[in-house]
Amino acid sequence: MKTPPPEQGAPHSGDDLEAQAWQWLRLLHSGDAREIDGARFKRWVQSSAAHRRAYLAAKRRWDQLQAPARELLRQHPDAVPAPPRPVPLYHRRAFLGAAASVAVVATVAAVRPPLGMWPGIQEWGADERTGAGQQRTVAVGDGVEVTLNTRTSIRRQAGNGPAVELINGEASVHVGAGQGVTVLAGSGRSRAHNGRFDVRNLDGKVCVTCVAGAVTVEHPGGTRGLMAGQQVQYEADAIGNTAAVSLEAATAWRSGKLVFDHARLSEVIDEINRYRNGRVLLINEAAGERPVSGRFEIASLDLALLQLQESFELKARSLPAGLLILS
């Protein structure tokens, strides 16, 4: 198991902080990180502006190492080395060299933190955030409320009128008559002056659903006008066409349910993972392509998983930290 950097008591020169940042990076990508390590890392990085700058600088260099390593891993899948042994905290050059040696390991680590134990780097500075299974409603202006679904982060934006950035997750926006709001998500923005609309931003893919009233979605690839019961999806460089959608399924989370209509089992598992601590891993690819229709209570997802296990004749193995493997 990796030894995390000390939180306090270490010298605070720039070199020492950068060395600590490199050690945090190695720990968080090692697969050995525990929940307590996530809490310690969060305290460390938020303890001062210098700590944050040191981590961001080290993270930029770490990311630069990943691109060539990813290509190496693609050509030689068996080239993933075992994580190196930790080196003393204050040997900065040794840390930099060790970081290069674990670059391949970093490429196969999840982009999100392991098991969602702490916020990803893109969520730093969020004004409001919910954890697994949590929902919360916040006011962002006169007559404008935003309900955050599970694992959702937003940041308030300055400007003319209420505006928020949906950093990650899913939110439902209610706009009173005569008011207005702007929601930034990914490379686009949604504007409305009345009614209600939902915005979902996951893995670089954004989905905007108009529940009531009207919404205008602006994107570098074009502008779409949505009426109630319509939806549009976009990514960084492309926006789709307006499509009709089942509002019952799209908004079911507001009433504590998940509704699926011929969704792939792999997609259902991904959605369930957003609402529970730990993680469900489906390693049966054939079963992952099979369709699922039904409704599940968010408060009883373990029961839902048992139903899926029996319906698709899957074998289940439970491991520590909420990890469930279905095969």
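**A closer look at an aromatic pair**

Tutor: Let's begin with one residue of this predicted model: phenylalanine 296 is buried, its relative accessibility being 9%. Buried here means under 20% relative accessible area, so the 11% of phenylalanine 260 makes that residue buried too. These two phenylalanines form an aromatic pair, with ring centres 6.1 Å apart and planes at 50° to each other, an arrangement that counts as tilted.

The structure holds 4 aromatic pairs. Elsewhere, ring pairs join Trp24, Phe41, Trp44 and Tyr55 into a cluster. A ring can also have a charge over it: the charged end of arginine 254 sits over the ring of tryptophan 253, 5.8 Å from the ring's centre.

Now for some strands and a helix. An open sheet is formed by 3 strands in the order β14-β17-β16, with mixed pairing. Its edge strands, β14 (279-282) and β16 (316-319), each pair on one side only, and the twist from one strand to the next averages 15°. Strands β16 and β17 (residues 323-326) run antiparallel and are joined by 4 bridges; arginine 317 has isoleucine 325 in β17 as its bridge partner. Across β14 and β17 lies helix α7 (residues 265-275), running at about 165° to β14.

Methods
Residues numbered from 1 in each chain as written. Predicted model: local features only at pLDDT ≥ 70, side-chain atom pairs only at ≥ 80, totals over all residues. Heavy atoms only, no water. Pairing = 2+ DSSP bridges. Helix = DSSP H or I, 4+ residues; strand = E, 2+ residues; numbered from the N terminus. Axes fitted to C-alpha atoms, helices over the stretch in contact; angles between N-to-C directions. Contact = heavy atoms within 4.5 Å. Phe/Tyr/Trp six-rings, centres within 6.5 Å; stacked < 30°, edge-to-face > 60°. Buried < 20%, exposed > 50% of the residue type's maximum accessible area, 1.4 Å probe, protein only. Lys NZ or Arg CZ within 6 Å of the ring centre and 35° of its normal.
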